[in-house]
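Here is a short briefing on one structure.

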Amino acid sequence: MHTNTRILANKFEYFAPKSLAEALNLLEQYQEKNIKVLAGGTDLLVKMKTVDLNVDYLMYLKDIAELNFINTSNGLSIGATIPFSHIVKEDRIKTEYTALYEAIQAIAAPAIRNMGTIAGNIGNASPAADTVPALVAFDAQVLIENKQSKRTVLLKDIFLGPGKTLLRPDELITRIEVPQVKPNTGSAFIKKSRVKADLAKINLAVAVQRNGQNCEDCKIVFGSVAATVVRAENTEKLLKGKALTEELISQAAQGVADEIKPIDDIRSTAEYRIAMSREMLRDALNLAWARTYSEAKPNLKGGGE
Amino acid sequence: MKKIPIKFTINGQQREALVQPNDLLINLLRDELYLTGTKYGCGIGECGACTVFLDDELVLACLILAVTVDGKEITTIEGLARGKELHPMQISFLKNAAVQCGFCTPGMIMTAISLMKENPDPSEEEIREYMRGNICRCTGYTQIIKAIKEYAHSMKG
């Protein structure tokens, strides 16, 4: 076990490829030799300082210009190295992908948001990641590449457990793709943590598509309640095609904790999470529903704590 | 580990250094350049004492490899004053006694300056929200918030 000191005790060789092709070559070449990929450093360097992590080669991604982009013209296409703070500068994130906007604003603090990336948030596979429930609620997909090929994986399927993804050692997350939000959709993200800059004890993203007085479609995604992100599909089914009355919302809130089965762990207790999941679902549904009415300017009051 | 040559601008001056891959920016600043205004607090990105500007954006020097600042521009607390004239945010912190032991102060001031660039007229809630990654363990935040508010007010003229 390392102690957290002012130095980084690990000794490693450093690579800073300038192109994606060069990076994928390096990953192929060193895949069996403890190579780690560094973007913002807000998770990896903390782990290198505080837990035993074998790193013999470290590859820095932020010199690769072609991965530092965001395109919002048809859905979202988010490059692996664009920092959180640059993503939220895009108007469409706030107006159309409101839960993602709130999730990013809920992350730690401004300096961390200038450093960290969504690809890093995914690759780190922390069950408490804030952007993950929001991205799952918007059906995000992850583009994964190695030297020979590319594959696209649904974000919700990428996680195998805390800190574990289905990425192979020669693969790199290069892009996150999010489909265009359907008309009349509103969304919200709510997080509960000890203080605002902390990791989530429990977080939730909800997206609701409205058709008149009915809930045409909805996504309910909880984070930090289990080993990986949890989608409450039964609760979603309960709401689909029905008018979102107070009574129906109460029924959903009552049932949702049984569906997601929160666990006890280092950050919180199952008891707290069960109680909070109900109230958070109620609040997030109401907030998301209210936002389906205003197409241009979502009402951000009260969300994203 | 072989040393890697880097070039960068620190507080307006061009510098070169030889760094190891595992050298952190905080160590380059404090141990090589003797810029000890930037503090080493928690080392894991939770306290904000090591906050500096990298290419005009706030970052934490304890979680950045020195080698990655090659070609970039860094501003630390030492780079804020113009000659003997302190930055107005420094003056506002002094006037409001927004300092007790002073350990968190450089990071607080860097973050406060960044807030002013993004939002020149913030509410108290917005100030607290923005400053939430900078922790003071002496006393509290009342005078710090007051100093930032007063600075914002003075800039409005």
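The contact (heavy atoms within 4.5 Å) takes 35 residues from chain A and 26 residues from chain B. The model is predicted: local features need pLDDT of at least 70, side-chain atom pairs count only at pLDDT 80 or more, and totals for chains, interfaces and linings use all residues. Residues are numbered from 1 along each chain as its sequence is written, chains are lettered from A in the order written, and side-chain values use heavy atoms, without hydrogens and water.

**Buried area**
- Chain A and chain B bury about 2500 Å² between them, counted as accessible area (1.4 Å probe) lost on being put together, summed over both. Carbon and sulfur atoms carry 60% of it.
- On the chain A side, Arg6(A), Tyr14(A) and Met115(A) lose the most area to chain B, together 23% of what that side buries.

**Salt bridge**
- The count between chain A and chain B is one salt bridge (a side-chain nitrogen of Lys or Arg within 4 Å of a carboxyl oxygen of Asp or Glu).
- Lys196(A) forms a salt bridge with Glu129(B); the closest N and O atoms are 2.8 Å apart.

**Positive phi**
- Asp139(A) is not a glycine, yet its phi is positive, near 60°. Asp139(A) is partly exposed at 32% relative accessibility (partly exposed lies between buried, under 20%, and exposed, over 50%; 1.4 Å probe, protein chains only).
- Asp56(B), also not a glycine, has a positive phi of about 70°. Asp56(B) is exposed, with a relative accessible area of 59%.

Terms used: Buried area is the accessible area (1.4 Å probe) that two parts lose on being put together, summed over both.
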